[in-house]
Amino acid sequence: MKPPQVLHLDIDAFFAAVEEMLDPSLRGKPLVVGGLAHERGVVCTASYAARRFGVHSGMALRTAARKCPQAVFRRGRYHLYSRISQQFFACLRRFSPRVEEVSVDEAYLDVGGGRYLCRSVYDLAARIKAAAEAETGLKISAGLGFSRLGAKLACEAAKPGGLFWLHDEEEWISHLTLDKIPGVGPQTYFVLQGLGVRRVHELKSRYISLWKKIFAGHQRGGLERGRPEPANRSFSRETTFPEDIRDEGLLHSHLAYLLDRLAMQLLRERLFAGRVEVKVRFSDFSTFCQRAALSFPTYSYFQFWQSALPLLQALRTKKDLPLRLVGVKVEDLQAGRDILPFFSLRDEQLTAGIHDVKERFGASALRSARSMLLEELYPIERDGMVLKTASLTK
Ligand SMILES: [Mg+2]
């Protein structure tokens, strides 16, 4: 059987849980975050203890106070919640290249490539859940599914704090009443009931086009990419040398520098490259290119270097002449990828770390040792070296 590929995660009673974490005396008590009992406004989050009294988010604060007079009311510290929310998503992004933020405390993850990381997708889901819980200090519910809807419903069923996977997802969904389906509000449900339709399979068998409309988004297995694929896009950098170069070390330095710039550009645009190309021009103006497919789409400078160096070496043997130009190109750009490259995660984290430093302190703040020879040749400015080809330094 195909493994599930969508993981839905949801922090339990998020705002209330943060307040409880910071003030353990609140633990287990009915707690309402959103405002004080007499204030106008609505409940943002109710703790599970408060929910037992029928308090739920969206309810007027005064109504909540009537239903549960002993509840503790808090206005909420949203800057704090937002910080924890960022930690939550940062943690998830370490596990999957495709994370969709649904709200401050809810996310869909594409774990389709996870079989390379763990014994099973279920193990991977448990690991992600445990990591996110450890890093936020909060309880998180999780659901695995073949589709987003399946994952979401499994997560609902797992609340609070569990991890569920509905093996017979389709069967399970088909017997649900339609009010359980996200996107079907009370009014729609009322109308559907008027048509004599209460359950999903009834709608499907009798009003297929309506069913399609409601389920179009839910049926999707993989996550939608945030942006359209950048079809046929490529990034390239090249430079003509001030004087023709024969020295291998110096050529490698140029290659390293150019690849580093490309990696940073990919990171800035959040793209992965599937192929790398190296171009050389000899002193007699003859020009050659060679390209190699990367073993998986990446933005890792280190992967680029590993693939590009042999290309440069091969191109060098074409003629016994010095070079006047070297260029690099990354192609096959994509906004996401289906395979999680286990072995390159460290590489990519390192590349991303370098990128962060450069973004903050300027591209010259952190330079690879491989490109150090260039410092003899070119002036260094905050945003990089001033190579001979002006377009390079933009
Ligand atoms: Mg939640």
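Start by selecting residues 273-282, which are strand E10, together with strand E11: the two run antiparallel and are joined by eight bridges. Keep in mind that this is a predicted model. Within this pair, pick out Val280 and you will find Phe288 of E11 standing opposite.

Now widen the selection to the whole sheet. It is an open sheet of four strands, in the order E9-E12-E10-E11, with antiparallel pairing. Which strands stand at the edges? They are E9 (235-245) and E11 (287-298); each has a single partner strand, so one side of each is left without a neighbour in the sheet. On average, neighbouring strands here are turned by 15 degrees against each other, direction ignored.

For the next stop, select helix H4 (residues 78-93) and helix H5 (residues 121-136). Their axes come within 9 Å and cross at roughly 150 degrees. H4 and H5 are therefore roughly antiparallel to each other, and their crossing is right-handed. Show side chains at the contact: among the residues there are Ile84 and Phe88 of H4, and Ile128 and Ala131 of H5. By class, this contact has seven nonpolar, two polar and one charged residues.

Finally, colour by domain: domain 1 (6-11 + 82-172), domain 2 (14-78), domain 3 (178-219) and domain 4 (235-393). The centres of domain 1 and domain 2 are separated by 26 Å, and their contact takes nine residues from domain 1 and six residues from domain 2.

Conventions
Residues numbered from 1 in each chain as written. Predicted model: local features only at pLDDT ≥ 70, side-chain atom pairs only at ≥ 80, totals over all residues. Axes fitted to C-alpha atoms, helices over the stretch in contact; angles between N-to-C directions. Parallel < 35°, antiparallel > 145°, perpendicular 65-115°, else oblique. Left-handed = near helix turned anticlockwise from the far one by under 90°. Contact = placed C-beta atoms within 7 Å. Nonpolar A, V, L, I, M, F, W, Y, C, P; charged D, E, K, R; others polar. Domains from an automatic or database assignment. Pairing = 2+ DSSP bridges.
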